[in-house]
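This report describes one protein chain from its atoms. Please have the sequence and the coordinates open while reading.

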Amino acid sequence: MRSGNPVLKDKTFQRSSSPGATMSLGGTVAKTFFLFLFLLGSALYTWYQYSQGVNVSLMMIIGAIGGLTFALITIFIPKAAPVTAPIYAALEGFFIGGISSFAESNYPGVVIQAASLTFAVMGALLFLYATGVIKVTKNFRLMVISATLAIFIVYLVNFILNIFFQASVPYLHSSGPIGIGISLVIVAVAALNLVLDFDFIERGVGKGAPKHMEWYGAFGLMITLVWLYIEILRLLQKLRR
C-alpha cells in the first residue's frame, strides 16, 4: 500500500534502527508548519518585488528549476530531507509568489480565495479522515493513484505539445464548461491525495520510521498542498473569465 503522492512510497518508511529516534505525528506537523513558513516567506518577498514593479520572471524560473532539483534530491536521498526540504520550500515560494502575483493583477482577490479554499479543503479532509468518515481502502488508494497518474500524463503531453508544436491538450486551459469541469476533477484528485498522505504519514509513525522521515513526510505533504493551491487558483481564474 502506498500514497498517490510519488514522494511518499511505502519503502521510504522503514523502522528506525536506533531506539528513541523515531518519527512522530506531532513532529511531522511541526515540520510541515516550518516548511510552510519558508514557502510563505519567499512567496511574500516575490509578491512585494512584483508590487514594486520588479520583473519576477527570473525569480520564478529559479524557483521552479531549483525547487524541482531539491525535490528530486530529497526523493532520492530521504536522509537529506532536514536540509533539502526547507530549501525546496523556499525555492518553491518564489514560483508560487510569482504566479500568484500575476493572477492577482488580472483577477483581484483571487489569491486569498485560492489560499482560503486550499486550507479549508485540507482542514475538512483532515477532519473527515481523523473521524473515520473517509477510510483509505485498497480500492480508494488505487483509484486516486490511477487518476493522479492520468493527470500527470496529460500534463506531460501538454508540455511536449507546447514545446515542439506550440499547441496544447484540447480544453485543458479552456474557461468553458468542459475546461471548468476538467479543473474541478483535477482539484478533486489533488485533494484526495491529501487523504492518502495523511494515511501514509500515520502508517510511517506506526512503523517507527527514522526521525528524519518527519521532514520527508512534511515535504511530501507540502508538494500536494502546492499542487492543490495551483489547481484551485487555475480553476478560480477560469471561473472569473
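The text below covers the nonpolar cores, the salt bridges, the surface and a few backbone details.

The structure is a predicted model, so local features need pLDDT of at least 70 and side-chain atom pairs count only at pLDDT 80 or more, while totals for chains, interfaces and linings use all residues. Residues are numbered from 1 along each chain as its sequence is written, and side-chain values use heavy atoms, with hydrogens and water left out.

**Nonpolar cores**

In soluble globular proteins, nonpolar side chains tend to be buried together. A nonpolar core here is a set of buried Ala, Val, Leu, Ile, Met, Phe, Trp, Tyr and Cys residues joined through side-chain atoms within 4.5 Å. Buried stands for under 20% relative accessible area, exposed for over 50%, and partly exposed for the range in between (1.4 Å probe, protein chains only). Helices are DSSP runs of H or I with at least four residues, strands are runs of E with at least two, and both are numbered from the N terminus.

The largest nonpolar core has 52 residues, and Leu35 and Leu194 have the most contacts inside it. Two or more of its residues come from each of α1 (25–51), α2 (57–76), α3 (81–106), α4 (110–130), α5, α6 (177–206) and α7 (213–240). Helix α7 gives the largest share of this core, 16 residues. Another core, of five residues, lies apart from it and includes Ile151, Val169, Leu172 and Ile186.

Contact means heavy atoms within 4.5 Å. With residues up to four places away in sequence not counted, Leu35 touches Ala85, Pro86, Ala89, Trp215, Ala218, Phe219 and Met222.

**Salt bridges**

Side chains of opposite charge can pair when their charged atoms come close. A salt bridge is counted when a side-chain nitrogen of Lys or Arg is within 4 Å of a carboxyl oxygen of Asp or Glu. A search of the whole structure finds five of them; the table gives some of these pairs.

| Salt bridge | Closest N and O atoms |
|---|---|
| Lys31 and Glu214 | 2.9 Å |
| Lys211 and Glu214 | 2.9 Å |
| Arg234 and Glu231 | 2.9 Å |

Lys31, Lys211 and Glu214 are linked in a network of salt bridges. Lys211 is partly exposed, at 39% relative accessibility.

Arg234 and Glu231 both lie in helix α7, three residues apart, or about one turn of the helix. Glu231 counts as buried because its relative accessible area is 2%, whereas Arg234 is partly exposed at 26%. Glu231 also touches Tyr155, Ile186 and Val187, leaving out residues up to four places away in sequence.

**Surface**

Accessible areas come from the Shrake-Rupley method with a 1.4 Å probe, and for residues only the protein chains shown count as cover. Patches are made of residues with over 30% relative accessible area and no salt bridge, where like charges are joined within 9 Å and nonpolar side chains (Val, Leu, Ile, Met, Phe, Trp, Tyr) within 5 Å.

A nonpolar surface patch is formed by Leu149, Phe152, Ile153, Leu156, Val157, Phe159, Ile160, Ile163, Phe164 and Phe165, with about 1,000 Å² of accessible area together. Ile163 is in helix α5 (residues 138–165) and is partly exposed, at 46% relative accessibility.

Leu68, in helix α2, counts as exposed because its relative accessibility is 52%. Its C-alpha atom is separated by 8.9 Å from that of Leu91, 23 residues apart along the chain.

**Backbone details**

Most residues other than glycine have a negative phi, and most peptide bonds are trans. Gln166 is not a glycine, yet its phi is positive, about 50°. Tyr171 likewise has a positive phi, near 70°. Gln166 is in the loop between α5 and α6, and Tyr171 is found in the loop between α5 and α6 as well. Gln166 is exposed, at 65% relative accessible area, and Tyr171 is partly exposed, at 48%.

The expected span of a helix is 1.5 Å times one less than its number of residues. For the 30 residues of α6 this should be 44 Å, and the end C-alpha atoms are 44 Å apart, which agrees. Gly208 follows α6 and has a positive phi, near 70°.
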